[in-house]
Structure formats: C-alpha cells, structure tokens
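Let's take a walk through this one together. Have the sequence and the model open side by side, and we'll go from local pairings out to the whole chain.

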Amino acid sequence: MHPTSIGSFQVQRELGRGGMGVVYLATDTKLDRQVAIKALHIAVWPGSRRNTQDITRFIAREGRSYVLSVSSLMHAGAVPANIPHRELMIADGDLRWADGGSCIAGPDGEWVIAPVVDTETLLIAELDHAKVRQQRHNFDPAGHYARPDVLSLTLDQRCQHAITIAERGTGEEPPPAMK
C-alpha cells in the first residue's frame with residue numbers, strides 16, 4: 001500500500017525499494033509532469049524517557065537511518081472515571097505511567113530533536129537524505145569485522161534439534177539419534 005499523495009504530488013505506483021527507502025512514480029500537479037519521489041526509510045518505534053535516552057540514538061547510528069521515537073503521556077488523570085477497574089489502575093500511587101520521550105535521531109546518532117518529556121507537543125523537523133548517504137558511506141561492514149583472528153562466522157547447515165536429552169549421572173553424550 002502506498003500513499004495516494006505527497007504534498008502536491010499524486011502518487012501513481014511504487015517503482016522500487018531498497019535500503020534507503022522507497023521510490024514512487026508520481027505526477028507533479030503544479031507542473032503537470034511525471035516525477036520520481038524517493039521516500040526515506042525511517043524507523044519508528046514507541047518509547048519513553050528511559051528507552052529514548054540511549055536506545056533511539058543507538059538504533060539510528062547502527063541502522064544509518066533516521067529514527068522517530070513516539071511516546072504518549074499517560075497519567076491517572078487521563079483515565080476516565082467510567083473505565084472499569086479505574087481504582088485498581090491508580091491504586092499503586094504512581095500517577096504517571098508514560099512520560100513521553102518522543103524524539104528524532106539522525107543517521108549519525110545525534111539528536112535532530114532531543115527527547116521531549118512531560119510535555120504534549122508536535123515535533124516537526126526537516127530531514128536531509130544526504131546525511132543518510134553520508135553515514136552509509138561511513139559504514140564499514142567488512143573492514144575491522146573482517147579479521148579472522150578476531151571474528152569469524154561459521155554456518156552449520158546440519159539439521160538442528162530444539163532439545164538434547166542426556167542421561168542423568170552418566171556423563172555420557174546421548175546417542176546421535178537423540179541430538
């Protein structure tokens with residue numbers, strides 16, 4: 001499913017997708033011509049102050065993408081009086097369950113907008129797709145990881161079993177059929 005419009009562009013279909021996002025074929029309604037629109041991949045996940053403080057930046061840096069962490073404010077005063085078992089929900093005395101923490105981290109792991117806590121607000125930011133490309137050029141998946149003296153990967157293609165049963169007290173390995 002793709003968007004039907006982006007700004008003044010009427011989206012017709014998806015042309016392709018990759019690590020940085022999705023490309024759509026669209027019509028520019030102001031100039032009456034076809035264009036290709038690239039929509040960046042943005043990771044969105046729920047958060048709170050304790051989650052967004054470090055994890056959002058880490059995910060952005062590791063994924064070399066923008067990450068939006070969206071979290072609501074939730075407190076006892078927001079629970080309507082007619083909700084069943086409301087008194088049980090607020091009985092523990094902690095009147096604040098979610099403190100917000102909505103934020104935006106850039107592909108370099110730095111804050112575009114730092115976590116906003118205890119305040120209801122609308123976050124608006126201009127995202128520069130060139131930063132995604134810049135950080136992806138900075139990514140070195142083979143470089144320092146490609147040192148067999150430090151790190152190696154072994155792929156075992158044999159059939160694996162979820163459980164191995166060994167006889168109690170014998171110290172012997174179970175027969176191959178049991179592995």
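**A walk through the model**

Arg17 is exposed, because its relative accessibility comes to 59%. Keep in mind as we go that this is a predicted model. Arg17 has a partner: a salt bridge joins it to Glu14, with 2.9 Å between the closest N and O atoms. Glu14 has a relative accessible area of 33%, so it falls in the partly exposed class. As background, side chains of opposite charge can pair when their charged atoms come close. A search over the whole structure turns up five salt bridges.

Now jump along to Arg49, which has a salt bridge to Asp99 with the closest N and O atoms 3.2 Å apart. Arg49 sits in helix H1 and Asp99 in strand S8 (residues 96–105), so this pair ties together parts 50 residues apart in sequence. How do the two ends compare with the cut-offs? Buried means under 20% relative accessible area, so Asp99 at 11% is buried. Arg49, on the other hand, is partly exposed at 34% relative accessibility.

Arg49 also meets the side chain of Asp118 in a salt bridge, at 3.6 Å from N to O. Here again distant parts of the chain are linked: Asp118 is in the loop between strand S9 (111–117) and H3, Arg49 is in helix H1, and the two are 69 residues apart. Asp118 is partly exposed, with 41% relative accessible area.

H1 covers residues 49–63, which makes 15 residues, and spans 21 Å from its first C-alpha to its last, close to the 21 Å expected at 1.5 Å a residue. There's still a kink in H1, of about 40 degrees and centred on Ile55. Which residues of H1 are buried? Thr52, Thr56 and Ala60 are. The spacing is worth a thought: an α-helix has 3.6 residues a turn, so residues three or four places apart point the same way.

Towards the end of H1 you'll find Gly63, which is in the helix and partly exposed at 34% relative accessibility. In sequence, Gly63 and Val132 are 69 residues apart, yet their C-alpha atoms are 9.5 Å apart in space.

Why flag that? Most residues other than glycine have a negative phi. Arg64 lies in the loop between H1 and strand S6 (66–70), and it is buried, because its relative accessible area is 12%.

His85 has a phi of about 65 degrees and isn't a glycine either. His85 belongs to the loop between S7 and helix H2 (86–89). Is His85 buried or exposed? With 53% relative accessible area, His85 is exposed.

Next, the surface. Met74, Ile83, Met89 and Trp97 make up a nonpolar surface patch, and together they have about 320 Å² of accessible area. One of them, Met74, is in strand S7 (residues 73–75). Met74 counts as partly exposed, because its relative accessibility is 39%.

Finally, zoom out. The protein has three helices and nine strands, and from the N terminus on the elements run β-β-β-β-β-α-β-β-α-β-β-α. Of its 179 residues, 22% are buried. The accessible surface is about 13,200 Å², with 55% of that belonging to carbon and sulfur atoms. As for how the chain comes together, take the contacts between residues at least 6 apart in sequence: 41% of them join residues at least 24 apart.

Terms used
Residues numbered from 1 in each chain as written. Predicted model: local features only at pLDDT ≥ 70, side-chain atom pairs only at ≥ 80, totals over all residues. Heavy atoms only, no water. Helix = DSSP H or I, 4+ residues; strand = E, 2+ residues; numbered from the N terminus. Expected span 1.5 Å × (residues − 1). Bend = angle between axes of the 7 residues up to and from the residue. Buried < 20%, exposed > 50% of the residue type's maximum accessible area, 1.4 Å probe, protein only. Patch = residues over 30% accessible without salt bridge, like charges linked within 9 Å, V, L, I, M, F, W, Y side chains within 5 Å. Areas by Shrake-Rupley, 256 points an atom, 1.4 Å probe, with all protein chains shown as cover. Salt bridge = Lys/Arg side-chain N within 4 Å of Asp/Glu carboxyl O. Contact = heavy atoms within 4.5 Å.
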